[in-house]
Amino acid sequence: MFCRNCGNPMDPNAAVCVKCGVPVGSGVNFCPNCGNPTDPSAAVCVKCGVALARPVPQGEQKSKLAAGLLGIFLGSLGIHNFYLGYTVKAVIQLVITIVTCGFGAIVSSIWGLIEGILILTGRIAVDGKGVPLKE
């Protein structure tokens with residue numbers, strides 16, 4: 001058994017890797033069966049053929065339609081980014097609009113419109129926690 005994070009050999013009864021400290025099964029960089037490096041998006045190890053489990057993001061799925069419409073209509077205030085959990089980006093959009101007494105709202109509105117379209121077309125497909133958006 002090998003650590004999926006660092007590739008270090010592990011005791012089958014271990015709860016965490018003694019080299020890097022991550023819990024067993026965490027990580028996507030190495031095969032747990034043979035210890036060879038893997039592509040993080042791979043479904044199977046190309047060296048030994050074992051199936052690689054991908055970590056499942058935890059949390060409630062947000063609506064793609066709601067986020068897209070918020071981006072299109074209230075994008076200058078960053079409401080869609082607050083909804084999706086991208087707080088820093090949302091605060092930046094809000095500050096641009098407020099500090100410039102509305103003159104920067106044009107920039108923020110275009111930014112929000114583009115992000116709203118990207119959300120609706122699926123180019124932005126996850127929220128701030130990495131949970132996929134629901135249809």
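Is C101 buried or exposed? C101 counts as exposed, because its relative accessibility is 68%. The cut-offs are under 20% relative accessible area for buried, over 50% for exposed, and partly exposed in between, with a 1.4 Å probe and protein chains only.

This is a predicted model, in which local features need pLDDT of at least 70, side-chain atom pairs count only at pLDDT 80 or more, and totals for chains, interfaces and linings use all residues. Residues are numbered from 1 along each chain as its sequence is written, and side-chain values use heavy atoms, with hydrogens and water left out.

**C101 and its loop**
- C101 sits in the loop between α3 (87-99) and α4 (105-121). Helices are DSSP runs of H or I with at least four residues, numbered from the N terminus.
- The phi of C101 is positive, about 55°, although C101 is not a glycine.
- Most residues other than glycine have a negative phi.

**Nonpolar surface patch**
- A nonpolar patch on the surface is formed by L65, L69, F73, L74, L77 and L120. Together they have about 540 Å² of accessible area, by the Shrake-Rupley method with a 1.4 Å probe, where only the protein chains shown count as cover for residues.
- Patch residues have over 30% relative accessible area and no salt bridge, and nonpolar side chains (Val, Leu, Ile, Met, Phe, Trp, Tyr) are joined within 5 Å. A salt bridge is a side-chain nitrogen of Lys or Arg within 4 Å of a carboxyl oxygen of Asp or Glu.
- Helix α1 (residues 64-74) gives the largest share of the patch, four residues.
- L77 lies in the loop between α1 and α2 (79-84). L77 counts as partly exposed because its relative accessibility is 31%.

**Nonpolar core**
- The largest nonpolar core has five residues: A67, L84, I119, I124 and L133. Such a core is a set of buried Ala, Val, Leu, Ile, Met, Phe, Trp, Tyr and Cys residues joined through side-chain atoms within 4.5 Å.
- Beyond its neighbours within four places in sequence, L84 is in contact (heavy atoms within 4.5 Å) with K62, A67, I119, D127, G128 and L133.

**Cysteines**
- The structure holds zero disulfides, a disulfide being a pair of cysteine sulfur atoms within 2.5 Å.
- C31 is in no disulfide, and the nearest cysteine sulfur, that of C48, is 3.6 Å away.
- C31 is buried because its relative accessible area is 0%.

**P23**
- P23 is in the segment before α1. P23 is partly exposed, as its relative accessible area is 46%.
- Leaving aside neighbours within four places in sequence, P23 is in contact with A15 and V16.

Definitions and conventions. Patches are made of residues with over 30% relative accessible area and no salt bridge: like charges are joined within 9 Å, nonpolar side chains (Val, Leu, Ile, Met, Phe, Trp, Tyr) within 5 Å. Helices (H or I, at least four residues) and strands (E, at least two) are DSSP runs, numbered from the N terminus.
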